[in-house]
Amino acid sequence: MRTEPLLSQADDLLARGRAQNAANLLAPIVGRQPENVDAWHRMARAHLAMGDLEAGLRAARAAWHFDPHGPETLFWLSTAATELGRHREAIEAALSACREDPGNPRLHHRLADAQLAAGRVGDALDGLKIAIELAGYDANLHVTYGRALFAAGRPLSARESIGRALALEPGHTGAHRTLALFEIAMESVVDAPSLAQAADEFAQSLRVGPKGRVDERAILARDAIGYAARVSLTWCLIALLVLGVLSATSLVAVPAGLYLVLLCLGALAACGAVVFRSALRRRL
């Protein structure tokens, strides 16, 4: 049975964000042809896109079983391992992929991402310098290099690197998002210590913990709760101010219990605003 048309259809589904449909299409293929490495690659990609990280790693390992030295197989094995916080496996797979195909900038980009996720900023910088000398035409490498430079406390060099990426690809989404993250990180910078703290926080935002990458939906929910808490705190303060003015002018007799309720609500909202404050996140 020819599987190429089905694999092309899976590629199209993945490109349109229909990962579940792609996984459903691929399941019979890998069931009948477990040695089909290309199908396993796409299955790994589909599961990772759906947020099923363990299934993504299993698919990547299935491909590796039949193709232990394939650069594409090692790419997806490294990607899945990074998402799960298994940094040693991710870095080793990416290094192997780079050795197999040293001229492929995509693999060097994967290695740098794996190193940044593991907190190895210096290693990422060293590798990216060499990779850019070999493939300076690749905008993704310049973006990743910029992120690594910022994490190392070199914001001006980081902006220059992003500028080179945009010179190569003016519409590069990752470059524009990275610049936006730089702006957020620099908002609190006033001196050398605050710059060091901003760089450290940015580096932390690139890391993936031992439990894996946090679900993006959880981050959005956290931000929504934080926003609601900040709005509630603002309205509580406004209400207290209005009641204070009315009480002072003797226009309205304000019960003491109402002040207590508003103070309690305001304190609760303040706690929520602190606990669920927005965090700097890598959205690339």
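Here is a short chat about ring pairs and helix packing in this predicted model.

Biologist: How many aromatic pairs turn up in a search of the whole structure?

Modeller: The search finds 4 aromatic pairs.

Biologist: Why is the pair of F150 and F182 called stacked?

Modeller: Their ring centres are 4.5 Å apart, and a pair needs centres within 6.5 Å.

Biologist: Which residues form one aromatic cluster with F150?

Modeller: F182 and F202 form that cluster together with F150.

Biologist: What sits over the ring of F75?

Modeller: That is the charged end of R106, 3.7 Å from the ring centre. The distance cut-off for such a charge is 6 Å.

Biologist: Happy to move on to helices! Why are α3 and α4 called roughly antiparallel?

Modeller: Helix α3 (residues 37-50) and helix α4 (residues 53-66) pack at an angle of about 165°, with axes 7 Å apart. Angles over 145 degrees count as roughly antiparallel, so α3 and α4 qualify.

Biologist: Which residues make the contact, and what is the hand of the crossing of α3 and α4?

Modeller: The crossing of α3 and α4 is left-handed. Contact residues include W40, H41 and M43 of α3, and L53, G56 and F66 of α4.

Terms used
Residues numbered from 1 in each chain as written. Predicted model: local features only at pLDDT ≥ 70, side-chain atom pairs only at ≥ 80, totals over all residues. Heavy atoms only, no water. Phe/Tyr/Trp six-rings, centres within 6.5 Å; stacked < 30°, edge-to-face > 60°. Lys NZ or Arg CZ within 6 Å of the ring centre and 35° of its normal. Axes fitted to C-alpha atoms, helices over the stretch in contact; angles between N-to-C directions. Helix = DSSP H or I, 4+ residues; strand = E, 2+ residues; numbered from the N terminus. Parallel < 35°, antiparallel > 145°, perpendicular 65-115°, else oblique. Left-handed = near helix turned anticlockwise from the far one by under 90°. Contact = heavy atoms within 4.5 Å.
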